[in-house]
Structure formats: C-alpha cells, structure tokens
Amino acid sequence: MDKTLKEKIDAWTDTDEHTEIPFRKRVQDFWKWFTDNEKKLSQIVENRGKSDSENAVEFIAAGTNLINEEVHFNLGGDYEFTFSVEGHSSLFYLYPYVVSQLPEQFKDKWHFFPFNQGTDSSFSFGMYGVSVAMDQVKVAVTYQEDINAFSIRFYEKDLCSLEEAQSYNAYYIMMEIMLGEGLSYQYIADVERADAPLEDSISLPALRTYIVDTLKAHDKEVFDNPQQVYTSYRFEPQENEELRFDVVAGSSCFQPLVANYYNGSTELFDQLNRFGAQAVFIAFPFENEKEGDAKKALDFRYELEDRLSEELLSPEGLGLLLGGAVGTGTCYIDLLLFDKPAFMEKIIPFLKDYPQYRFYLSDFRQDCDLHRL
C-alpha cells in the first residue's frame, strides 16, 4: 500500500458531513408534484399568453424548488418543459437524470429537455437597453481540429457598442439560445468581439448548422451532452500527501471536476452538493512489484467500472460513472452519486466479490477523510 493511502486510512472517521436530501429523493418528490399538478400545468400551456405568466412561473417554481431553488426552466408550447443549465456545467450531469424519470403515463404528451436544445430561427433579442435581431449578428468561425472546437469572432453594431462585459454576456446568452447549451459548452473554445464588420462571416442562426457540418466533414461525432464525451489525461506523479497525485493516466467525462481537484477548488463539488449529489471516487491499492501488475489492476478497474455502472448505478438510479485513473500504486474510479446513503448500503456487499482488494471511498476534493468500504 502506498504511503499516501495509508495516511488517509489512518485518518478515517465515521462522520458524514452531508445531511441534505439526496438528489434521487428530490427528483422523486418533483415528479410526484408534477403528477399531482399535471392538469393545472396543462392548462398553463394551453392558455399561454392569456393567463398571468408571473403567477404561472411562481406555481411551477414551487415544484422545481423541490429539486433546488437554483433551478431555471422554460415552459413552451406543445407541452415542452426545458431545464436551463445557465452556465453551471455541473447541471449537465444532473438534469438528464431528472428527465429520464418522467413518469410513463406522460411520455406521449409531455416533452422534457435537460437543457436548452437550440434553434435556427431568427428573432429579436433585447438586453442592456438594445434590441438585436439574431440574423444581424455576424460570426467568423475558425475550426481548431487539434482540440476539436471552434473559435468565434462576433459583430453587430448595437451589440458591440455596449460596454465590453455587457457585450460579451449578451452574446454568450444569444449564442447558447441558437446553439443550445450542450453544443455551446462542448465545442466553443473562445469568443472575441470584433471592432468592425467581419468578412467571410455567417449569421448567428446559421452557426449551429455550420458547426455540425464541419464536425461531420472531419469525421467527428457530434455530441451535445457532455456526459457522452470522455477526455483522456496524463500526469507526472508527484509527491503529495493528498490522493490522486500519484496518477499516471486517466479519463473523465467531467474533466473540469478533475481540474478542480488538482487546483484545490471545491466549486463544482459544492454545486453538486447543493442539489444533494456527491462527487466521490473509490480508491484501491494494488501491488506494483512485478511486470504486468499495473496492467492487471487496470483491467480489473475496467471490469469493476462496467459492473458498477450496469448493475448498481444505472438500474437503481444511484448515480453516474464519470471515469477513472491509475496511479503508481492505486487505482481510482470516479462516481457521481445521486443517493449516497442507498449507494453505501449496496456497495459494501457488492465489493465482497473481490476479497483480494481493499476499497476506500473519498469525496472528490482534497483534505477530506477516507472511508473503508
């Protein structure tokens, strides 16, 4: 066992600081509220423009607040209900689960979306005292194949006359409306405001089609859900009292969470926690004295990840597999738990199938206790 892991085990405590309602329970409560109030919600949709929109929003917020008071949403025509990420990347990993739990009896009628899906229709957008037609916003687009993402320069006279911070904020909101929050998050690398009309530009409503066509022309799959995209990373092992600094290689569909860990930040961890979800990792040491020991441990990690996802996390709605990593003497499996108490009841008997290993659980943050599983 490596020294770092042993020190963490020696500091183990039974204390669990998290006492919030689990995310899975919040989602169940939301759908119960929705079921109880579906007739009134239908009436709101059917009388859009006629009823008091402020009261309607307040009524719906009473339901979404069961998930979290920070939930943003839009109720549209044709019984469409769209959650909005509003720049919080952690919600890309929570809202799809909410949508997946839509009760069966409403699936032919209601259309729920985990985040803004985007549109190519032009309309006027007002913000900071200016009104801008979407198709009058011009963008010059550069595809960066090495990172599979796009750089954008934008220009529209009134939009670019705003103070810099206001101009960028308004543009990002407009771009996310057009592209959809998932595509924008996944493929926009950087944005720059131009000082004059652009040559070789396209209109903002045409940007989504341009991005999709460009990706396909370069034989790239198009993803608008960050959960579907795994990024590989490699590190040089470091001497550090914290776990994971021995990591040599890993992969994750939530790379910013990994970056937060190494930067000592808990921003994303805390965002998830406020919704009753916990980012954690399972650590298990392995012998690394003979040639092939590391490969054997890595193969076992993959096997265990598959079983966890297929037999425990997905079927019972307990969470997501985010990725994993291998270090010089420890393997790591990264998870997002939607119901930590229920997971703890299941995981300990589950791991008894592997008596040759010792397993430990840690929050996905530095300076926390390690729990023996």
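Colleague: With which residues is Ser 203 in contact, leaving aside its neighbours within four places in sequence?
Modeller: This is a predicted model. Ser 203 lies in strand E9, residues 202–203. Contact here means heavy atoms within 4.5 Å. Leaving aside neighbours within four places in sequence, the contacts of Ser 203 are Asp 135, Val 137, Lys 138 and Val 139.

Colleague: Is Ser 203 buried or exposed?
Modeller: The relative accessible area of Ser 203 is 19%. Buried means under 20%. Therefore Ser 203 counts as buried.

Colleague: Which residue in E11 is the bridge partner of Ser 232?
Modeller: Strand E10 covers residues 231–234 and pairs with E11 in the antiparallel sense, over four bridges. E11 spans residues 247–252, and five of its six residues are buried. In E11, the partner of Ser 232 is Ser 251.

Colleague: How many bridges join E13 to E14?
Modeller: A hairpin joins E13 to E14 through two residues. The two strands run antiparallel. One of the bridge pairs sets Leu 321 against Leu 335 in E14. The bridges between E13 and E14 number seven.

Colleague: Why is strand E14 described as largely enclosed by the rest of the structure?
Modeller: In a regular strand, side chains alternate between the two faces of the sheet. In E14, Thr 330, Tyr 332, Asp 334 and Leu 336 point one way, and all are buried. Cys 331, Ile 333, Leu 335 and Leu 337 point the other way, and all are buried too. E14 is largely enclosed because its buried residues number eight of eight.

Colleague: What is the radius of gyration of the protein?
Modeller: The protein has 13 helices and 16 strands. For 373 residues the globule rule gives 21 Å. The protein comes close to that, so it is as compact as a globular protein of that length. Its radius of gyration is 23 Å.

Colleague: What share of the contacts with a separation of 6 or more is between residues 24 or more positions apart?
Modeller: Buried residues make up 51% of the protein. Among contacts with a separation of 6 or more, the share from residues 24 or more positions apart is 68%.

Terms used
Residues numbered from 1 in each chain as written. Predicted model: local features only at pLDDT ≥ 70, side-chain atom pairs only at ≥ 80, totals over all residues. Heavy atoms only, no water. Rg over C-alpha atoms; globule rule 2.2 N^0.38 Å. Buried < 20%, exposed > 50% of the residue type's maximum accessible area, 1.4 Å probe, protein only. Pairing = 2+ DSSP bridges.
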